[in-house]
Structure formats: C-alpha cells, structure tokens
Amino acid sequence: MGKVNIEIDGKQLTADVGSMIIEVADEADIYIPRFCYHKKLSVAANCRMCMVDVSSLPKAVPACATPVADGMVIQTQSDRAIDAQKSVMEFLLINHPLDCPVCDQGGECELQDLSVGYGEDVSRYVEGKRVVKDKNLGPLISTDMTRCIHCTRCVRFGQEVVGIRELGATGRGEHIEIGTYIESTMDSEVSANIIDLCPVGALTAKPSRYKARAWELRESPSIAPHDCLGSNVNIHHRRGEIIRVVPRENESINEVWLSDRDRFSYQALTEGKRLLKPKIKKNGTWQETDWQTALNFAVAEMKRIIGVSKGEEFGTIVGNNSTLEESFLIQKLIRGTGCNNIDFRTRRRDFSKDQYSGVRAGFNFPLQDLDTMDATLLIAGDIRHEQPLAALRVRKSTGFGRAMAINPFDGEYNFRLYQEIQPEPHLLAQEFACVLAAAAQKQPDKINAEIKDWIEGITFTEQHAIIVDELINGEQSCILMGVYVQEHPQAEVVNWIAEQVARLTDSKWGYMTQGCNAAGNKMAGAVPNQSEFGGRATPGKNAKQMLTEGLKGYLIHNCEPDVESLWADQALANLQNAECVIALTSYEDGRVSDYSTVMLPIAGSYETSGTYVNVEGRWQSFSAAVPAPGESRPAWKVLRVLGNLLDTSGFDYESSVQIRDELKEKQENSRDKKESRKTPPELHAASEEETKRDSLGLYMVDPMVRRANALQQTSKASTHPISISRVTT
Amino acid sequence: MTDLSYDKSLHLKELIPQSEIDEIDCWIKKYPNDRKRPPIMPALKVVQENNGNYLTTEMMQAVAEYLDVPHVAVYEVATFYSMFNLDKMGRHVLSVCTNLSCSLRGADKVVEHLQNRLNIKLGETTKDGLFSIKEVECMAACGGAPMLEVDKIYHENLTEEKIDQILSEMAAKDLPTQEDK
Ligand code: SF4
Ligand code: FES
Ligand code: FES
C-alpha cells in the first residue's frame with residue numbers, strides 16, 4: 001500500500017493511501033471529536049462533529065470521510081475547525097434534552113463531554129424541543145429516544161456487523177426516529193453492543209439502569225466464562241458489588257464486542273439465590289454450619305465410600321467453567337484418595353479415543369484468521385448461539401469468501417451459505433465422509449493407503465465436489481466443527497475426517513467446545529484416563545458411566561448434571577439415590593438442594609482468581625474483581641483444604657498463581673505428544689436414538705447463565721433453536 | 001429441517017395481480033443483481049397505486065420479502081418519502097409544499113386556508129372521504145412558490161382565490177360519480 005506524508009497539528013505523519021484523516025489522527029493520539037464515526041463500522045459522516053481544517057480546502061471538512069492526500073496540512077484546533085465544531089454542537093443540542101442529571105449515561109456520555117468542550121453555556125434557541133416516543137427493545141436494552149442524535153451507529157452495527165437489521169431510521173428531517181417501526185424486540189445474541197456504541201443515553205443497559213454513576217465504579221479486567229473464545233471483559237463494580245460487565249478490547253478474540261450472554265450473566269451473581277454458608281442435610285432438612293464441620297463431614301463421607309468400594313463407587317463431575325487451577329486440584333485430590341472416576345465431559349458420547357493421552361487446543365490456527373477465510377466449512381455448528389462472536393468473524397469473511405455448512409439441524413446463520421447439506425443426524429459422519437472421498441479424488445498424490453482403504457466404496461455428489469473445490473481453491477480455508485460434533489457418538493470419526501480433509505485441501509481445522517475451559521480442563525487432567533498434561537493415570541469411569549450407572553457418592557463441582565448433561569434424567573435419578581452428594585456450588589436454588597447432602601459455597605466467576613484456556617490454547621489468567629459473598633470461598637482454596645484433610649500430599653499452595661505457574665512449567669516439560677490418530681476410526685452406523693440433539697440452548701449452558709434474570713426473559717431464551725435461516729442485509 | 005424451498009416472494013404475489021409483479025420484476029432488472037435495495041421505491045409505488053393510494057404494514061413487509069431486504073429497510077423508504085401514504089387517503093390528495101422557497105412565499109397561509117376551508121388539519125381526510133391535505137417536501141417547482149399538487153397536477157403561485165377555485169373545480173368534477181352520497 002502506498003504511503004503519503006501529512007501533517008496534523010504540526011506533527012509530521014505518514015499514512016496509508018486511502019485512510020481517512022480521523023484514522024491517522026487516532027493512530028497518532030490526536031483527538032478529533034466525533035459521534036457517528038466508529039472504527040469498526042462504515043463511514044456515515046452524518047453528525048459533522050469531526051470537522052477539521054485542511055489548509056488546501058476552502059472550508060472545514062469531516063475528518064471521518066476525508067481521505068488523506070500527500071502534503072495535506074490539517075489543523076484540528078484552528079479557528080475555522082473550532083468554529084465548525086461549535087456550530088455543529090449547537091445544532092445537535094437544539095433538540096437534545098437537558099436531562100443529564102437523570103440520564104444513565106451521565107458521566108460517560110460523549111455528547112456531554114463534547115458539549116463541555118464545544119458547547120455554549122446558554123442556548124440561543126427558544127423553540128420547544130422535540131419528543132420521541134421510547135421503543136420497547138426487550139429486557140436488555142432500555143431506550144430514551146428523545147436523546148438520540150441520529151448518528152446511526154446502532155443501525156450500522158445491525159446491518160454490517162451482525163447481519164440482522166432490526167433497527168432503522170424512519171421518517172425524515174425533524175421527524176426522523178431510530179427504531180424498529182412496528183414494535184418488536186431486538187433478538188440478536190449480540191444486541192447489547194449498541195449500548196456501548198450509542199454515544200448518548202438513548203440506549204442504555206436495562207439491568208444496570210440507575211444502579212450507579214460511572215464515576216463511582218471501579219474497573220477490574222477479567223475473562224468471560226460462557227463460551228470457548230474467552231472474551232475479555234471489564235467488571236465494573238462498586239463497594240464489592242458487580243454493577244455491569246463491559247467488553248475489554250482484544251483484537252484477537254472479541255475485538256470490541258461482547259455477546260449478550262457474557263455481558264448480562266453477572267446478574268446470577270448479584271441477584272441469584274447465593275449459597276452463603278456451608279450446609280449439611282440432616283434428616284432431610286438443611287442446617288447451616290461452619291466450614292470446619294462441613295468439610296469434616298464431606299471428608300468422612302468420601303473416605304467411607306471410597307474406602308469400602310476401593311474408589312469404584314465414587315465419582316467426580318467437574319463443571320465446564322471450572323478454572324484450570326480448580327480442575328487440576330480436584331483431579332489431584334480425587335486421584336490421591338485412590339479414586340479414578342473424574343470427568344468434565346458431561347456432553348460427550350464418544351470415548352473411543354480416551355485411551356490415547358494427549359492435550360491440545362481445539363484450533364490449529366488463530367481465531368482472528370476466521371475473518372479472512374476464503375472458504376469456511378461448518379460442520380454441525382450453530383455458531384451464532386454457541387460462540388456468537390466467532391459468528392461475527394465468519395460473517396466478516398463472507399464479504400469476499402464463502403461459507404458452507406453440513407448441518408443436520410436447522411441452522412440460523414447471519415451470513416449467506418454458498419452450499420448447505422442437511423444429513424440425518426445419525427448420518428453426519430457418513431455425509432462428511434463423502435467430502436473426504438471427493439477430496440481424495442481431487443488430490444490423488446496426497447492420499448495414503450490408509451485413506452484409500454477407508455474411503456473404499458464411498459461415493460460423492462456434485463455438491464461434495466464443489467465444497468472440496470472451494471476448500472482447495474481458497475487461499476485460506478478452514479473446517480469448523482460445532483459443539484454438537486463432540487456430542488455425536490461418532491465424534492472421533494468426524495474429527496478424523498476433518499483433519500484428513502483439511503490436510504488434503506490444505507485447510508485449517510478448528511473444534512468448538514462447550515463451556516469456556518474445555519481445553520484447560522483436559523490439560524488439568526479432569527478426565528478419566530490421564531492426569532495433568534497427558535500424564536499417566538489409572539483409568540476410571542467417564543462422565544457417562546458415572547451419571548448413568550449410579551454410584552454411591554458424588555462430588556460435583558460448579559455443575560448441574562441433572563440439567564446440563566446429555567443424560568439429565570438418569571443423572572437426576574442417580575444423584576437422588578446416591579448416599580452422599582457433595583456439591584461445590586455458588587447457588588442454593590435448583591435441584592442441587594434436593595439431591596445433595598452437603599453444599600459448600602464457592603465463589604462465582606469474577607469472584608475468584610484463576611485461568612481459562614480458550615479454544616486456541618491461549619491461557620488467560622484473571623484475579624478476583626469482587627469478594628465472594630457471605631462465607632463462600634474461592635474453590636481452589638476449598639479444594640486445597642479438602643486435599644489436606646484427605647491426607648493427600650502436595651496441597652500447600654499459597655495462591656492460585658502458584659498453581660498456575662506449576663502447571664505452566666509442567667506444560668513446558670511435557671513433550672508435545674502427538675495424539676495417536678494413525679489408525680483411522682471405523683465408520684459404523686450410529687443409532688438415531690443416540691444422535692438426538694438435546695441442545696442446551698443459548699441461555700442454558702451453565703449454572704450461572706441459567707440464573708441470569710434478564711437473559712432468561714429474552715425471546716432467545718425460549719425459542720432456541722430456530723428453524724429458517726434468515727439473512728437479509 | 002430447514003425448508004430451503006420456502007419462497008419469500010409468495011406473500012406479495014398473493015397481495016397484488018401478476019401484471020404488477022411483472023412491473024416490479026422489470027424494475028428489479030434495471031439494477032445490478034447484488035443490489036437489492038434500489039428497487040424498493042418503484043416497488044412501493046406499484047403496490048401503493050394498486051391499493052388505492054396507500055400502503056399497509058403487511059404490504060411493506062411483503063415488498064421486503066419479495067426483494068429480500070430487511071423489513072425495516074422498506075419502512076425507512078416508505079416513511080422518508082412523502083409520496084408514500086401510510087394511511088387511507090381521500091379521493092383527492094392536496095400535497096402542499098412547505099419547504100424553504102414555498103415557506104418564504106407563504107406556504108403557511110396556504111396550509112391555513114386549506115385547513116379552514118376543508119375543516120380538517122394537515123395530514124387528515126375530510127369525513128366524506130373526498131379530500132386529504134398533506135405536507136410535502138420541495139417538488140422542484142420553487143419558481144412558482146407557493147405551490148400544491150392535486151392528483152398529479154401542479155398548481156403554482158397560489159393565492160386564497162386560486163385555492164378556492166381549485167377546490168370548487170374538484171368538487172364539481174366529483175359530483176356525478178359520487179356513489180357514497
Ligand atoms: S440511538 Fe444512539 S447509536 Fe442509535 S442513532 Fe441514536 S444516538 Fe446513535
Ligand atoms: S464523525 Fe465525522 S461526521 Fe460524524
Ligand atoms: S420549496 Fe416548494 S417547490 Fe421547492
């Protein structure tokens with residue numbers, strides 16, 4: 001790209017040809033006021049606040065819509081620039097209400113800030129101000145449309161980024177209004193980003209409305225716990241109470257966005273029914289007790305059941321969102337007692353590769369590259385609801401590239417599909433195998449004897465060949481597996497095919513996983529056949545066996561197998577019939593209080609320190625933003641004490657950082673064991689019964705989301721999954 | 001299973017006759033394939049004319065589905081341009097320009113006089129369903145400001161007398177065909 005030399009406020013700068021003045025200024029930290037410009041959206045140039053003075057031009061020009069030219073001399077503070085900016089400000093304030101004292105945006109409002117800088121003290125206008133009726137956009141976003149300055153950021157976000165345009169600007173001139181025209185709520189899974197985008201108080205967050213003023217809040221960085229991307233967030237809290245969660249910019253993960261799920265799930269912590277004291281159930285009634293008694297009770301029960309049954313009759317289920325440190329401690333503790341039954345994969349049916357140890361992340365390429373794929377093949381992925389922000393990236397790629405899907409279920413995509421195949425769920429692997437056959441035929445010199453044997457007799461159609469062509473011809477291409485793939489009874493077959501197709505077509509592969517720390521849980525050894533980093537372990541029972549066979553005792557950590565496992569009904573019955581269920585939980589409502597014998601209150605997300613490993617294998621550590629309420633304690637501390645009480649050794653950690661560092665060291669020393677995939681798995685028929693999809697749904701994925709009130713009131717909470725694919729932009 | 005054959009064009013086809021659909025198709029052909037929004041305006045015009053000079057929400061939605069654009073994109077166009085009517089209109093629509101030139105030359109007097117004569121407010125329709133008055137933007141007849149348009153005919157350099165004359169001519173024209181009286 002060519003470069004030009006320009007000068008802004010006396011600073012000599014070089015800039016790319018075609019960039020706008022405002023981009024160059026932002027880069028150089030020279031502030032130009034703006035309302036409608038946003039770096040992630042198209043240029044609308046409708047607010048005119050960004051007027052600057054370009055010496056070669058006769059009047060001030062908008063910096064967001066004026067491309068740089070060689071030798072341009074720009075002033076942002078000259079009389080001409082300031083004059084223009086002041087006039088625009090006066091114009092914007094003609095109709096804007098003077099209600100800052102009762103406006104939720106007050107203190108962090110771009111209009112308020114800029115009017116301090118550019119506005120006059122007294123308005124010259126005496127006419128009445130216009131009033132606009134508020135719109136009902138649903139339980140997440142509250143509106144005060146009289147405050148809208150028509151920057152159209154919210155409209156462009158829907159149109160460009162999400163691909164589902166719900167908001168529009170109707171009417172004309174003074175009568176222009178932002179809204180949906182006929183009353184309808186905003187239904188997208190990333191809708192609340194318009195709250196951040198709106199420069200004024202027209203769109204604000206309903207759950208945190210009137211809870212606090214911006215200047216009273218303290219900010220702590222953290223990691224969102226609901227999908228495998230690990231979006232970066234800032235927790236805004238006041239006096240130990242979380243007020244809201246907002247995105248923290250990280251270009252390689254969440255850019256500047258956040259899914260509604262990650263943004264509003266905190267409500268479970270502040271409004272959910274928290275377990276505040278340890279409790280023991282005596283003769284069917286719960287009694288509050290102190291930590292010492294509760295822990296002693298739990299330890300005695302564990303020792304009894306494990307001792308009598310030699311570890312056979314006790315099982316540990318770890319929640320998807322447990323931190324790396326927690327998972328590591330819990331498996332160390334349970335294995336230390338001589339019990340080997342531990343698993344976090346409550347939604348997996350295929351355990352055929354369990355005997356091979358190995359840890360690796362789900363992606364063999366950086367997440368960010370999804371933006372630039374020429375071809376993306378989605379396998380059984382409901383990506384919009386599973387990883388909403390990854391869907392935005394795939395959508396970005398479809399601006400020039402092509403997305404294709406093999407999905408047994410009705411998909412709802414926010415991008416157009418170039419090819420779509422919908423096999424029966426139990427024939428997913430068979431359908432995908434046809435793609436492999438097509439790939440093998442197109443790349444005969446890349447296949448080995450094994451593949452040749454394997455695809456023997458598999459035929460393919462024109463459509464499979466087209467998919468393969470796209471993957472081969474795309475300069476960058478990838479195969480992306482949805483969460484359902486890992487739930488499929490032939491998960492390992494699909495995984496194997498994916499990697500073979502990827503190799504033959506020179507594509508990347510990625511597996512999306514349930515929860516935010518699947519990679520971390522596996523690394524930590526919370527699986528029945530290996531300890532941390534693929535270390536040796538005596539094989540134990542997997543989640544399916546533990547939940548369906550019925551054991552005498554269970555330890556469940558941050559998880560409700562009766563809701564979130566694939567065998568929810570059986571799990572419930574078995575938990576109810578168990579002699580003892582020890583629950584490490586943050587909440588006391590739900591069925592956990594029916595079936596458990598002792599409940600130990602643990603800190604929720606954002607209240608504990610730890611590490612999540614995202615789907616790319618990226619370690620993201622965080623510390624607690626707020627203290628845990630009541631007597632609840634960070635789970636790693638509870639597990640440490642439990643470990644000591646169980647007389648297992650090596651539980652003298654002082655901090656979670658110490659555990660993390662130990663694990664990091666172990667990771668570096670563990671040889672990169674290549675997962676043994678030499679022998680291709682067999683392609684047998686799966687039963688229809690086994691491939692039913694009991695999708696958890698967008699707002700059901702973990703105990704925290706299930707208790708987030710506002711999310712539960714959205715239409716997405718009840719109407720998932722939806723059927724007809726709908727893309728209209 | 002996703003019904004990929006779900007035909008989004010059906011809705012509009014149910015609402016208007018095939019000849020009108022053909023006319024819309026003809027407009028669609030005039031624009032590049034991947035540009036779906038330009039035909040919104042001509043399509044709305046066709047539909048409005050077919051529906052006695054106004055559009056319903058259902059029709060706007062049907063147009064959106066036919067053209068494969070978001071519903072709101074059609075609402076935006078229909079609410080922006082004053083030639084689209086979103087309510088049932090009188091037999092004769094008196095469109096008064098109140099844009100700059102006309103306002104400078106007394107458009108407000110025109111509006112006032114019309115309101116008094118017909119005993120309705122701007123944007124309303126007389127009880128007998130004969131007349132509606134509405135405010136429109138510049139009709140490119142600034143040279144003859146103030147102006148108003150009735151049934152596609154421009155009347156310029158308006159005075160109160162001229163307006164009275166227009167109204168009585170309209171009423172006279174209508175008498176023989178008034179089936180509702
Ligand atoms: S609601 Fe906010 S973001 Fe949307 S146009 Fe108005 S001011 Fe801009
Ligand atoms: S920021 Fe440039 S016109 Fe709005
Ligand atoms: S301003 Fe009335 S016609 Fe132009």
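**View 1. Second largest pocket of the predicted model.** E12(A) contributes five residues to the lining of the second largest pocket, the most of any element. Elements are DSSP runs numbered from the N terminus, with helices (H or I) of at least four residues and strands (E) of at least two. The pocket holds about 930 Å³ of space. Its lining has 36 residues, and those closest to the centre are Glu108(A), Glu110(A), Ile195(A), Asp196(A) and Leu197(A). Two or more residues each come from helix H5 (193-197), strand E9 (203-205), strand E12 (241-247) and helix H6 (260-264) of chain A. By class, the lining residues are 16 nonpolar, six polar and 14 charged (Ala, Val, Leu, Ile, Met, Phe, Trp, Tyr, Cys and Pro count as nonpolar, Asp, Glu, Lys and Arg as charged, the others, Gly among them, as polar). Domain 1 (3-92) and domain 2 (110-271) of chain A each supply at least three lining residues; domain bounds come from an automatic or database assignment.

Pockets and cavities are found on a 1 Å grid over the protein atoms alone: in a cavity a 1.4 Å probe fits but cannot get out, a pocket is an open set with protein on both sides within 12 Å along at least five of seven lines, and lining residues have an atom within 4 Å of a point. Points are joined across faces, edges and corners, and a volume is the space filled by probe spheres set on them.

**View 2. Largest cavity.** The structure holds eight cavities of 30 Å³ or more, and about 630 Å³ of space lies in the largest. Of its 34 lining residues, Arg345(A), Arg348(A), Gln486(A), Thr513(A) and Lys522(A) are closest to the centre. Helices H15 (483-487), H16 (491-505) and H17 (518-524) of chain A give two or more residues each. The lining divides into 12 nonpolar, 11 polar and 11 charged residues.

**View 3. Interface of chain B and chain A.** Contact (heavy atoms within 4.5 Å) joins 21 residues of chain B to 26 residues of chain A. The buried area is about 2,000 Å², 55% of it from carbon and sulfur atoms (accessible area, 1.4 Å probe, lost on being put together, summed over both parts). Two salt bridges cross the interface (side-chain nitrogen of Lys or Arg within 4 Å of a carboxyl oxygen of Asp or Glu). Glu76(B) and Arg165(A) form a salt bridge at 2.9 Å, N to O.

**Notes.** Residues are numbered from 1 along each chain as its sequence is written, and chains are lettered from A and ligands numbered from 1 in the order written. In this predicted model local features need pLDDT of at least 70 and side-chain atom pairs pLDDT 80 or more, while totals for chains, interfaces and linings use all residues; side-chain values use heavy atoms, without hydrogens and water.

Methods:
Buried area = accessible area lost by both parts, 1.4 Å probe.
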